[in-house]
Amino acid sequence: MDRLHLMSVYVAVAEAESFAGGARRLGMSPPAVTRAVAALEERLGVKLLNRTTRHVRATDAGERYLEDARRIIA
(Lines give C-alpha, C1' and ligand atoms only; values in the text may rest on other atoms or scores of the structure.)
Protein backbone atom coordinates (compact mmCIF):
# COMPACT_ATOMS: atom_id res chain seq x y z
CA MET A 1 0.00 0.00 0.00
CA ASP A 2 1.27 3.45 -0.75
CA ARG A 3 1.97 5.93 2.02
CA LEU A 4 -0.69 8.44 0.98
CA HIS A 5 -3.39 5.75 1.15
CA LEU A 6 -2.18 4.64 4.58
CA MET A 7 -2.22 8.25 5.78
CA SER A 8 -5.78 8.72 4.51
CA VAL A 9 -6.93 5.59 6.31
CA TYR A 10 -5.23 6.68 9.53
CA VAL A 11 -6.80 10.16 9.36
CA ALA A 12 -10.28 8.66 8.84
CA VAL A 13 -9.88 6.28 11.80
CA ALA A 14 -8.39 8.93 14.09
CA GLU A 15 -11.10 11.46 13.27
CA ALA A 16 -13.90 8.90 13.69
CA GLU A 17 -12.18 7.45 16.78
CA SER A 18 -13.32 4.10 15.42
CA PHE A 19 -12.07 1.56 12.91
CA ALA A 20 -15.64 0.83 11.80
CA GLY A 21 -16.42 4.54 11.46
CA GLY A 22 -13.26 5.13 9.46
CA ALA A 23 -14.09 2.15 7.25
CA ARG A 24 -17.60 3.48 6.56
CA ARG A 25 -16.21 6.90 5.72
CA LEU A 26 -13.78 5.39 3.22
CA GLY A 27 -16.06 2.67 1.85
CA MET A 28 -13.65 -0.04 2.99
CA SER A 29 -14.10 -3.13 5.12
CA PRO A 30 -13.13 -2.81 8.80
CA PRO A 31 -10.51 -5.59 8.52
CA ALA A 32 -8.84 -3.78 5.60
CA VAL A 33 -8.74 -0.57 7.63
CA THR A 34 -7.26 -2.42 10.62
CA ARG A 35 -4.56 -3.96 8.40
CA ALA A 36 -3.74 -0.58 6.86
CA VAL A 37 -3.30 1.11 10.25
CA ALA A 38 -1.19 -1.82 11.49
CA ALA A 39 0.98 -1.57 8.36
CA LEU A 40 1.43 2.16 8.90
CA GLU A 41 2.38 1.68 12.55
CA GLU A 42 4.86 -1.02 11.56
CA ARG A 43 6.34 1.15 8.81
CA LEU A 44 6.74 4.10 11.19
CA GLY A 45 7.84 1.97 14.13
CA VAL A 46 5.49 3.76 16.53
CA LYS A 47 2.07 3.10 18.04
CA LEU A 48 -0.36 5.68 16.68
CA LEU A 49 -3.59 4.54 18.32
CA ASN A 50 -4.60 3.29 21.76
CA ARG A 51 -7.30 0.69 21.26
CA THR A 52 -9.84 -0.47 23.82
CA THR A 53 -13.12 -2.28 23.42
CA ARG A 54 -14.97 1.01 23.78
CA HIS A 55 -12.93 3.52 21.79
CA VAL A 56 -9.88 4.28 19.72
CA ARG A 57 -7.77 7.33 20.61
CA ALA A 58 -4.60 8.71 19.09
CA THR A 59 -1.43 8.51 21.18
CA ASP A 60 0.75 11.60 21.59
CA ALA A 61 2.80 10.48 18.60
CA GLY A 62 -0.45 9.72 16.78
CA GLU A 63 -1.73 13.26 17.37
CA ARG A 64 1.45 14.75 15.93
CA TYR A 65 1.28 12.39 12.94
CA LEU A 66 -2.41 13.22 12.45
CA GLU A 67 -1.62 16.94 12.13
CA ASP A 68 1.15 16.23 9.63
CA ALA A 69 -0.97 13.74 7.65
CA ARG A 70 -3.87 16.20 7.37
CA ARG A 71 -1.51 18.87 6.05
CA ILE A 72 0.06 16.49 3.52
CA ILE A 73 -3.31 15.18 2.28
CA ALA A 74 -4.68 18.70 1.89
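Which helix holds proline 30? Proline 30 is found in helix α3. These legends describe a predicted model, in which local features need pLDDT of at least 70, side-chain atom pairs count only at pLDDT 80 or more, and totals for chains, interfaces and linings use all residues. Residues are numbered from 1 along each chain as its sequence is written, and side-chain values use heavy atoms, with hydrogens and water left out.

**View 1**
Proline 30 belongs to helix α3. Helices (H or I, at least four residues) and strands (E, at least two) are DSSP runs, numbered from the N terminus. At 40% relative accessibility, proline 30 is partly exposed. Buried means under 20% relative accessible area, exposed means over 50%, and partly exposed is in between (1.4 Å probe, protein chains only). Proline 30 and serine 18 are 12 residues apart along the chain. Their C-alpha atoms are separated by 9.6 Å.

**View 2. Glutamate 17 in the loop between α1 and α2.**
Glutamate 17 sits in the loop between these two helices. Its phi is positive, about 55°, although glutamate 17 is not a glycine. Most residues other than glycine have a negative phi. Glutamate 17 counts as partly exposed, with 37% relative accessibility.

**View 3. Helix α2, from its cap to the glycine that follows.**
Helix α2 covers residues 19-26. Serine 18 caps the N-terminal end of α2. A side-chain oxygen of serine 18 lies 3.2 Å from the backbone nitrogen of alanine 20. That is a polar contact: a pair of N or O atoms within 3.5 Å, where within protein one must be able to donate a hydrogen and the other to accept it, and residues adjacent in sequence count only if both atoms are side-chain atoms. Phe19, Gly21, Gly22 and Ala23 are buried in this helix. The buried residues of α2 pack against α1, α3, β1 (49-51) and β2 (56-58). Glycine 27 follows α2, and its phi is positive, near 70°.

**View 4. Glutamate 41 and its partner arginine 51.**
Glutamate 41 lies in helix α3 (residues 30-44). Glutamate 41 is buried because its relative accessible area is 11%. Leaving aside neighbours within four places in sequence, glutamate 41 is in contact with Val46, Lys47, Leu48, Leu49 and Arg51. Contact means heavy atoms within 4.5 Å. Arginine 51 also forms a salt bridge with glutamate 41, and the closest N and O atoms are 2.9 Å apart. Arginine 51 lies in strand β1 and glutamate 41 in helix α3, so the pair ties together parts that are 10 residues apart in sequence. A salt bridge is a side-chain nitrogen of Lys or Arg within 4 Å of a carboxyl oxygen of Asp or Glu. Arginine 51 is partly exposed, with a relative accessible area of 36%.

**View 5**
How many salt bridges does a search of the whole structure find? It finds five. One of them joins glutamate 15 and arginine 70, with the closest N and O atoms 2.9 Å apart. This pair links distant parts of the chain: glutamate 15 is in helix α1, arginine 70 is in helix α4 (residues 60-73), and 55 residues separate them. Glutamate 15 is partly exposed at 35%, and arginine 70 is partly exposed at 38%. Aspartate 68 and arginine 71 meet in another salt bridge (2.4 Å, N to O). Both lie in helix α4, three residues apart, about one turn of the helix. Aspartate 68 is partly exposed at 35% relative accessibility, whereas arginine 71 is exposed at 56%. Salt bridges that share partners join Glu15, Arg25 and Arg70 into one network.

**View 6**
A search of the whole structure finds one aromatic pair. Tyrosine 10 and tyrosine 65 form this edge-to-face pair, 5.7 Å centre to centre, with 65° between the planes. The pair links helix α1, which holds tyrosine 10, to helix α4, which holds tyrosine 65, 55 residues apart. Rings of Phe, Tyr and Trp (its six-membered ring) pair if their centres lie within 6.5 Å; planes under 30 degrees apart count as stacked, over 60 as edge-to-face and the rest as tilted. Both tyrosines are buried.
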